[in-house]
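Notebook open, viewer open. I'm jotting down what I look up as I go, starting with a loop.

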Amino acid sequence: MTSRTIFSTEPHKGWLPWGILAPLLFIAFVIASVLIPSPGLRSLGLEDAEGGPIGLNGMYAFLVVAFGLNGLMVLAWIWLVERRPLSTVGLTGPAPLTTLFRGLLIGCVTISAVVASIGFAGGYQVGEFGPALSSPTALGSMALLLVCFAIQAGVEEFIFRGWLLSVVTRKWGQLAAVVVTTLVFTFLHWSPGQAWPDMLSSVLFSVFACLWAIRAGNIWGVMGWHIGWNWLLSIGFELPVTGFVIDLPALIVRLIPQGPDRLTGGDVGPEGSWICSVLFLIGIAFLLRPRKA
């Protein structure tokens, strides 16, 4: 992993930030995208005093406004400062929509496998099957959440595995870029008092996503996977997604966590389970396998 490019060898025509500056600039963009809309969202009753979303409408706003603004900031930086084509940040390759949709299906399958494995290990009590199917309002909200998670997860992959991974690669090489991207990703997903297994899950999540983007030579597939993973986890089982609880009935089956937090993930949800960490380790090993000659 010593190459100085990932997605495209097309040169930049503007200024590429120094390797040490790129992650700091990235964090500044994230902070700005959260702080700028915060007063407005709070005045509308969509955000609490700690910056968390209030209710379903607050979640819509959180996923669309902050992440959308963040994506626009990075996009403007790429176009106006670095002046390089979007192919160099992973928006390249044949059949992007097909690749995106395939990734979305894989995301739905993999999070379902994690939840099923936790259930088979005794981590859930099974409740009602498909309660959302009898509620047109809930189904409409789920469709809207798919759009919102497409923005949120799409932007995350664009800024992390697209921009940050590629810009650090051009300065320091792919291995250093994976390390830096993972450190920034873990830092931005950290919260005070967070248990180390939850941090480990963030590390493995990022390494897996970085390796997928590098191996594929684009971010369409991992973008779709991230969308499918977050969306189905949020609406399928009435379980938390990265600590957020979506106030909707389950689309597939209502699951009630039981047993130790290391099995169920506790307040974090299935992503905090050791079973999820094992899945990512398997995925990382799969992506690191030698290519066929």
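**Entry: two positive phi values**

I went to Ala-95 and found it in the loop between helix 3 (55-82) and helix 4 (96-120). Helices here are DSSP runs of H or I with at least four residues, strands are runs of E with at least two, and both are numbered from the N terminus. The phi of Ala-95 is near 45 degrees, a positive value in a residue other than glycine. I noted that because most residues other than glycine have a negative phi. Ala-95 is partly exposed, at 43% relative accessible area. My cut-offs are under 20% relative accessible area for buried and over 50% for exposed, with partly exposed in between (1.4 Å probe, protein chains only).

Glu-238 also has a positive phi, near 60 degrees. Glu-238 sits in the loop between helix 8 (220-236) and strand 2 (253-257). With a relative accessible area of 30%, Glu-238 is partly exposed.

**Entry: ground rules**

I am working with a predicted model, where local features need pLDDT of at least 70 and side-chain atom pairs count only at pLDDT 80 or more, while totals for chains, interfaces and linings use all residues. I number residues from 1 along each chain as its sequence is written, and side-chain values use heavy atoms, with hydrogens and water left out.

**Entry: Leu-239**

I moved on to Leu-239, which is in the loop between helix 8 and strand 2. Is Leu-239 buried or exposed? Leu-239 is buried, with a relative accessible area of 2%. For its contacts (heavy atoms within 4.5 Å) I left aside neighbours within four places in sequence, and got Val-115, Tyr-124, Leu-233, Phe-244, Leu-255, Pro-257 and Pro-270. I also checked Leu-239 against Pro-17: they are 222 residues apart along the chain, and their C-alpha atoms are separated by 40 Å.

I found Phe-205 in helix 7 (residues 196-216). At 7% relative accessibility, Phe-205 is buried. Not counting residues up to four places away in sequence, Phe-205 touches Arg-161, Phe-185, Trp-225, His-226, Trp-229 and Phe-280. From Phe-205 to Thr-186 is 19 residues in sequence and 9.2 Å in space, C-alpha to C-alpha.

Next I looked up Glu-157, which lies in helix 5 (residues 136-172). Glu-157 is buried, and its relative accessible area is 0%. What does Glu-157 contact, leaving aside neighbours within four places in sequence? I listed Gly-162, Ala-209, Ile-219, Val-222, Met-223 and His-226 for Glu-157. His-226 is on the Glu-157 list and also on the Phe-205 list.

**Entry: Gly-40**

I placed Gly-40 in helix 2 (residues 38-43). Gly-40 is partly exposed, at 34% relative accessibility.

**Entry: cysteines**

How many disulfides does a search of the whole structure find? I got 0, a disulfide being a pair of cysteine sulfur atoms within 2.5 Å. Cys-276 is in no disulfide either, and its nearest cysteine sulfur, that of Cys-108, is 15 Å away. I checked burial too: Cys-148 is buried at 3% relative accessible area, and Cys-276 is buried at 0%.

**Entry: the whole chain**

I counted 10 helices and 2 strands in the protein chain. From the N terminus on, I read the order as α-α-α-α-β-α-α-α-α-β-α-α. The C-alpha trace spans about 55 × 55 × 40 Å along its principal axes. The radius of gyration (over C-alpha atoms) is 19 Å, and the globule rule I used is 2.2 Å times the number of residues to the power 0.38. For 293 residues a compact globule would come out near 19 Å, so the chain agrees.

I noted that buried residues make up 52% of the 293 residues. Among contacts between residues at least 6 apart in sequence, 78% join residues at least 24 apart.
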